[in-house]
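Good morning, and thank you for joining this meeting. I would like to take you through one structure, from its overall layout to a few individual residues.

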Amino acid sequence: MKRLNRYYRRSRIAEKKFREIIKYFSLDLTANKTAELTGLTHKTVNQIYLKIRHRLAEESQRQSPFSGEVEVDESYFGARRIKGKRGRGASGKTIVFGTYKRNGKVYTEIVPDVQRKTLQAIIRGRVSIETVIHSDGWRGYNGLVDIGYPKHFRVNHSADEFANDVSNINGIESFWSFAKRRLLKFNGVKKETFHLHLKECEFRFNHRNDNLYKLLLSLLRKFPL
């Protein structure tokens, strides 16, 4: 009897071959390179990569709310920019909001804007109420103490302040740098799949000191494709 692929149900790809694909994915090889190494078509590998990214996005949603000390920030992704407009005034960009637990993990979410109502809704859903929050001086973070968070410290980026005696947001900013550097290798990501690539960056950053190959095999045994 033919052995089933425990990681990819209803697949004609042998489990040994599939584990090879997972190995190359964990090494962050492109779908083109993995297709070349495995002898599979680019279309097949690309479909598998897409399915894996869906599993990583689902895993992100299962994270428990952050607590302790948490940094919050937003960043803008995309190559297109209106001349003269940068940062929060940039046009044609995808806005991503992130929370980072100090010495821990990051969580990201695409948002339509950076208004207080939008940002507070995510913070209240992803950050435990006893948490100390660090942010920059953006007005979208006003009122966090009023809704129950015990302490809220800020750094004033508009005055070229990037750290002070009580606060910084270096952790979340290190993730933005990591994600943007990594996404450059794709020479552009389609808007409809950007959130999946973002979640892959999140997963890789959160497990940067772990064995990704073993983690992925464990995840896909629990939640097969």
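The chain comprises seven helices and five strands, where helices (H or I, at least four residues) and strands (E, at least two) are DSSP runs, numbered from the N terminus. Read from the N terminus, the elements follow the order α-α-α-β-β-β-α-β-β-α-α-α. Please note that this is a predicted model, in which local features need pLDDT of at least 70 and side-chain atom pairs count only at pLDDT 80 or more, while totals for chains, interfaces and linings use all residues. Residues are numbered from 1 along each chain as its sequence is written, and side-chain values use heavy atoms, with hydrogens and water left out.

Let me begin with the chain as a whole. Of its 225 residues, 44% are buried; buried means under 20% relative accessible area, exposed means over 50%, and partly exposed lies in between (1.4 Å probe, protein chains only). The chain exposes about 12,700 Å², and carbon and sulfur atoms supply 49% of that area. These areas come from the Shrake-Rupley method with a 1.4 Å probe, and for residues only the protein chains shown count as cover. Turning to contacts, which mean heavy atoms within 4.5 Å, residues 24 or more positions apart account for 57% of those with a separation of 6 or more.

What lies in the interior? In soluble globular proteins, nonpolar side chains tend to be buried together. A nonpolar core is here a set of buried Ala, Val, Leu, Ile, Met, Phe, Trp, Tyr and Cys residues joined through side-chain atoms within 4.5 Å. The largest such core has 22 residues, and Phe18, Ile48 and Ile52 touch the most other members. Two or more residues of this core come from each of α1 (15-26), α2, α3 and α7 (212-222). A second, separate core has 18 residues, including Val70, Tyr76, Ile95 and Leu144.

Which residues does Ile52 touch, not counting residues up to four places away in sequence? They are Ile22, Phe25, Leu216, Leu220 and Leu225. Leu225 itself lies in the segment after α7 and is buried, with a relative accessible area of 12%. With the residues up to four places away in sequence again not counted, Leu225 touches Tyr7, Tyr8, Arg9, Phe18, Ile48, Lys51, Ile52, Arg55 and Leu220. The C-alpha atom of Leu225 is also 9.1 Å from that of Ser11, although 214 residues separate the two along the chain.

Lys23, in helix α1, is partly exposed at a relative accessible area of 36%. Lys23 and Leu212 are 189 residues apart in sequence, yet 8.5 Å apart in space, C-alpha to C-alpha. Ser174, in helix α5, is partly exposed at 33% relative accessibility.

On a 1 Å grid over the protein atoms alone, a cavity is a set of points where a 1.4 Å probe fits but cannot get out, and a pocket is an open set with protein on both sides within 12 Å along at least five of seven lines; lining residues have an atom within 4 Å of a point. Grid points are joined across faces, edges and corners, and a volume is the space filled by probe spheres set on the points.

The second largest pocket has a volume of about 400 Å³. Its lining has 17 residues, of which Asn46, Arg53, Phe186, Thr193 and His197 are the closest to its centre. The elements giving two or more residues to this lining are α2 (31-38) and α3 (42-61), and α3 provides the largest share, six residues. By class, the lining of this pocket has six nonpolar, eight polar and three charged residues. Ala, Val, Leu, Ile, Met, Phe, Trp, Tyr, Cys and Pro count as nonpolar, Asp, Glu, Lys and Arg as charged, and the others, Gly among them, as polar.

The largest cavity has a volume of about 40 Å³. Among the residues that line this cavity are Asp28, Arg53 and Phe186, and its lining has four nonpolar, one polar and six charged residues.

Finally, Asp28, in the loop between α1 and α2, has a positive phi of about 65° although it is not a glycine.
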